[in-house]
Amino acid sequence: SNAAMLKTVTSLALACATVLLVVPHAWPVTTDAARAAVTVVQTALVWPVVLYHSALPVRLLALVFAALGCVQQAFVLGINTGEFYPHLIPGLLLMRGGVLALGSSGLPFPIAASQGVCTLAVLLLLAVGQWYQTLLGRGLHVAHVAHELMFIVVGCLVLTGTLQSVLPAPRAAQMQEARRLLDPICYAALGVLFLSHIHDKSAVGTAWHVVLGWALIGQAAALLLASFVHAHNPPQGVASLANACVAYAWVMPGVWLIHMASFHYLFARGWHNDVDIKQGVHHLLWPGELATDAATVKDDAKAREYIGVYLTVDLLFSAALVLAAILGGSNGGRGDLIPSKELDDDGDLPLPTRTHNADNTLKMSNPLVAPVQENVSPFTTSRFGS
């Protein structure tokens, strides 16, 4: 059965993760290739269990493995965890959002209160840490202000998603409607930040972030267009295509962030001509770039060639992931991000029901949104009878 297979795969993944926790102590891992392999494989084994398994105890156990792996990577393997994980974890969460988007019917999905509060606490700590380390008493630097803006924008996304899950039904529905506009604006704002912010001064590092910026702007456009499509009660085929496009718009920047984390931020090698050089699997694949940093620091054309190859692969890989989710019958996943009051009897995100009026026109009923009154603005309190 599927349950037995899931249990076997999960047990095997955690067993392999245990082996990888022991190996560096029994047989010292000294080469960059070996350290990168242990880190990437360990991450691939543990984090999907953390994000996707339906049983909370199993997810917590996997989270313990993930924390132990992070400690090992930082202090035993010499991985640049301070920049690897800030790129990896958002990428994983974006991919999780893509799975949920397949069953969202064009509606912003809520974030469970416990997860929202924890995420907001982490963002607050990061913002305070950024302020203390770079802004306090050292004057304003636009790069550090950009970091703070990023925390604020992500905090807005998390806060509104959390409020949607804790507010009473009429207010929650209003918040959901407001997020149809607010979420795209926030993702577009993040995209603009990444397009303009110089997080890494190497040509390859800049190109990674430029692609990420455009991917987030594309995600904003996809979210907004999908809202327009679903607002007109489209036929099932059109609605499914809109959901698939939104899922892809979530998954693609997620895959890109994970790719960036492993290919560009595994190692931090210090300074070269006053430029902080980041290194990862990219530099293991192309040793010439490791031997001469000038190509990755100054040669924009060479950087674009590398990034073009990576982007092509990620565009196709993201599409394959969305296709696999659709063929697997995903309708949003088992709802650890969805409050139980909004799940159906099977534990899934309820989908809209479609019927026909007497004149054979299409009528949609969405279980997550209160009935819409005619000629009323979606942002007025009277729309939902409050």
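This is a predicted model: local features need pLDDT of at least 70, side-chain atom pairs count only at pLDDT 80 or more; totals for chains, interfaces and linings use all residues.
H9 runs over residues 236-264, and its length can be checked: at 1.5 Å a residue the helix should span 42 Å, and its end C-alpha atoms lie 41 Å apart, which agrees.

Let us turn to the charged side chains. How many salt bridges does a search of the whole structure find? The search finds three. Side chains of opposite charge can pair when their charged atoms come close. One of the bridges joins Asp 32 to Arg 35, with 2.4 Å from N to O. Both residues belong to helix H2, which covers residues 32-52, and they sit three residues apart, about one turn of the helix. An α-helix has 3.6 residues a turn, so residues three or four places apart point the same way. Asp 32 is partly exposed at 22% relative accessible area, while Arg 35 has 10% and is buried.

Asp 183 and Arg 179 make another salt bridge, with 3.1 Å between the closest N and O atoms. This pair is also in helix H7, and because the two residues are four apart, about one helical turn separates them. Asp 183 has a relative accessible area of 7% and is buried, and Arg 179 is buried at 5%.

Next come the aromatic rings. The whole structure contains eight aromatic pairs. Among them is the pair of Trp 208 and Tyr 310, which is stacked, with 5.5 Å from centre to centre and 15° between the planes. Trp 208 lies in helix H8 (residues 203-231) and Tyr 310 in helix H13 (residues 300-327), so this pair ties together parts that are 102 residues apart in sequence. Trp 208 is buried, with a relative accessible area of 0%, and Tyr 310 counts as buried at 5%.

Trp 286 and Tyr 306 form a tilted aromatic pair, their centres 5.3 Å apart and their planes at 45°. This pair also links distant parts of the chain: Trp 286 is in the loop between helix H10 (281-285) and helix H11 (287-291), whereas Tyr 306 is in helix H13, 20 residues apart. With 35% relative accessibility, Trp 286 counts as partly exposed, but Tyr 306 counts as buried at 11%. Which residues do ring pairs link into a cluster? They are Trp 208, Trp 256, Phe 263 and Tyr 310.

Leu 124, Val 128, Trp 131, Tyr 132 and Leu 136 make a nonpolar surface patch of about 540 Å². One of these residues, Val 128, is found in helix H5, which covers residues 113-135. Val 128 counts as partly exposed, with 44% relative accessibility.

The tour ends in helix H6, residues 142-166, where Ala 143 lies. Ala 143 is partly exposed at 28% relative accessible area. Although Ala 143 and His 197 are 54 residues apart in sequence, their C-alpha atoms are 6.5 Å apart in space. Helix H6 also holds Thr 162, which counts as buried at 8% relative accessibility. What does Thr 162 touch, not counting residues up to four places away in sequence? Its contacts are Ile 111, Ala 113 and Gly 116.

Key:
Residues are numbered from 1 along each chain as its sequence is written. Side-chain values use heavy atoms; hydrogens and water are left out. A salt bridge is a side-chain nitrogen of Lys or Arg within 4 Å of a carboxyl oxygen of Asp or Glu. Buried means under 20% relative accessible area, exposed over 50%, partly exposed in between (1.4 Å probe, protein chains only). The expected span of a helix is 1.5 Å times one less than its number of residues. Patches are made of residues with over 30% relative accessible area and no salt bridge: like charges are joined within 9 Å, nonpolar side chains (Val, Leu, Ile, Met, Phe, Trp, Tyr) within 5 Å. Accessible areas come from the Shrake-Rupley method with a 1.4 Å probe; for residues, only the protein chains shown count as cover. Rings of Phe, Tyr and Trp (its six-membered ring) pair if their centres lie within 6.5 Å; planes under 30 degrees apart count as stacked, over 60 as edge-to-face and the rest as tilted. Contact means heavy atoms within 4.5 Å.
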